[in-house]
Amino acid sequence: MMRTTFWRLAACLMLTLLTTLGIAEWIARRRINDAQWAAPADALPVTTQALTWPMVAEGRRVVVLGDSIAAGWELPPGAAWPEQLQALLPPGDGWRVINAGIPGETAAQGLARTARDVTAWQPHVVLIAFGLNDGQRVPQRSAADRWHAERVVYGALGGREVVVWRHTQARLHIGRGTVAADGQTRLPLETYQAALRTIVDSIRQAAPAARVAFLTLTPVDTRGTAAVHSPAQRLTYAAYTVALTAVAAEAGVPVIDVYTPLAQADADRVFLADGLHLTTYGQRLIAETVYDAQFGDGVNP
């Protein structure tokens with residue numbers, strides 16, 4: 001009799017637990033909106049925030065999706081390479097460059113706002129530039145970063161993930177990936193690749209005729225003494241460039257090499273004091289390289 005009572009109690013407890021988890025999952029799915037994982041629109045460059053559809057509807061639209069390099073960190077208005085690219089394009093051709101760069105972002109965060117900041121503009125050309133934040137070596141990725149990456153890349157679009165499990169996994173740091181035995185990166189290498197693939201897929205679904213291209217990671221000043229300038233960090237960034245190139249080959253996306261012209265130039269002219277972000281001159285080199293690769297042949301999308 002006591003054994004029967006025990007098993008009934010165990011069954012009731014198990015049923016209660018499963019019901020509680022089911023309710024928690026339902027609440028989580030109801031409350032989570034993918035848009036909340038995207039940076040707010042007011043984080044975009046001021047010139048981009050001021051754009052409206054009627055202002056660009058008649059032109060041929062180029063959207064740059066990237067991080068602080070594209071955003072022109074610590075530079076005056078007009079100095080970021082997307083704005084310098086705009087100045088290089090012949091006015092009569094009707095090109096309009098839309099800068100969707102936000103400082104500090106990874107490819108997963110770029111994916112979270114692709115619909116709002118890229119495909120909503122019905123682009124003819126999309127230039128994707130992520131990697132410096134993704135490959136940044138850190139002692140430990142935060143739970144928020146882990147949760148964000150897992151949520152956005154591996155299930156947000158298809159709705160296949162178990163939200164409660166992913167959140168628990170993030171909080172407990174279960175299954176953290178590493179690039180090297182002695183360090184981690186903000187976004188695991190495989191997650192970085194998954195985000196890039198999904199960004200490309202999303203663009204091709206929404207704008208099938210758009211030309212898409214990746215930019216390589218930019219170099220860092222080898223003379224710097226901070227962690228970002230260490231040999232280990234530079235090797236990690238090289239691994240992320242290789243990973244980006246692999247995704248590009250799979251997806252049939254060209255890669256624009258902006259690393260080489262920057263690395264070959266005078267470092268004092270290229271880098272800001274932090275040895276990571278670029279001067280107006282460094283940004284100019286990117287603009288010229290992108291122009292030659294994407295627009296110098298006069299091909300119209």
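Me: Which residues form a nonpolar patch on the surface, and what accessible area do they have together?
Reply: Happy to start there: in this predicted model, the patch is formed by M14, L17 and L18, with about 300 Å² of accessible area together. Membership of a patch calls for over 30% relative accessible area, and M14, which sits in helix α1 (residues 2–31), has 47%.

Me: Why does M14 count as partly exposed?
Reply: Buried means under 20% and exposed means over 50%, with partly exposed in between. M14 has 47% relative accessibility, so M14 counts as partly exposed.

Me: What makes β2 and β7 edge strands?
Reply: Good one! The open sheet has 5 strands in the order β2-β1-β3-β6-β7, with parallel pairing. Strands β2 (95–101) and β7 (255–256) each have a single partner strand, so one side of each is left without a neighbour in the sheet.

Me: How do you know that β3 and β6 pair?
Reply: Pairing needs at least two bridges, and strand β3 (residues 125–129) and strand β6 (residues 211–215) have 4, in the parallel sense. As one example, V125 has R211 in β6 as its bridge partner.

Me: Which helix packs on the sheet touching β1, β3 and β6, and what angle does its direction make with that of β3?
Reply: That is helix α10 (residues 189–206), at about 170 degrees to β3. Helix α5 (residues 81–88) lies across β1, β2, β3 and β6, and runs at about 175 degrees to β2.

Me: How many helices and strands are there in the protein?
Reply: There are 14 helices and 7 strands. Of the 301 residues, 48% count as buried, the cut-off being under 20% relative accessible area.

Note on methods
Residues numbered from 1 in each chain as written. Predicted model: local features only at pLDDT ≥ 70, side-chain atom pairs only at ≥ 80, totals over all residues. Heavy atoms only, no water. Patch = residues over 30% accessible without salt bridge, like charges linked within 9 Å, V, L, I, M, F, W, Y side chains within 5 Å. Areas by Shrake-Rupley, 256 points an atom, 1.4 Å probe, with all protein chains shown as cover. Salt bridge = Lys/Arg side-chain N within 4 Å of Asp/Glu carboxyl O. Helix = DSSP H or I, 4+ residues; strand = E, 2+ residues; numbered from the N terminus. Buried < 20%, exposed > 50% of the residue type's maximum accessible area, 1.4 Å probe, protein only. Contact = heavy atoms within 4.5 Å. Axes fitted to C-alpha atoms, helices over the stretch in contact; angles between N-to-C directions.
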